[in-house]
Amino acid sequence: MRFMQHLALWEAPALGGERPETTWLEHVADEQYRAKRTSSH
């Protein structure tokens, strides 16, 4: 069995709009990104 991951980012404006269709969450600091991850699920 083979698995595949696909990551797609879309930053283009929505049709008829000027703002990007994608909504990003808050910025993650380098320290947060490098911190040990814990399972929350």
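Modeller: The protein has 5 positive and 6 negative side chains, where Lys and Arg count as positive, Asp and Glu as negative, and His and the chain ends are not counted. The centres of the two sets lie 14 Å apart, with each charge placed at NZ of Lys, CZ of Arg, CG of Asp or CD of Glu.

Biologist: What kind of model is this?

Modeller: This is a predicted model, in which local features need pLDDT of at least 70 and side-chain atom pairs count only at pLDDT 80 or more, while totals for chains, interfaces and linings use all residues. Residues are numbered from 1 along each chain as its sequence is written, and side-chain values use heavy atoms, with hydrogens and water left out.

Biologist: How many helices and strands are there?

Modeller: There are 1 helix and 0 strands; helices (H or I, at least four residues) and strands (E, at least two) are DSSP runs numbered from the N terminus. Gln 32 is found in helix 1.

Biologist: What share of the residues is buried?

Modeller: Of the 41 residues, 0% count as buried, where buried means under 20% relative accessible area, exposed over 50% and partly exposed in between (1.4 Å probe, protein chains only). Gln 32 is exposed because its relative accessible area is 52%.

Biologist: And Val 28, which class is that in?

Modeller: Val 28 has a relative accessible area of 44%, so Val 28 is partly exposed. Val 28 lies in the segment before helix 1.

Biologist: Where is Leu 7?

Modeller: Leu 7 is also found in the segment before helix 1, which spans 30–34. With a relative accessible area of 72%, Leu 7 is exposed.
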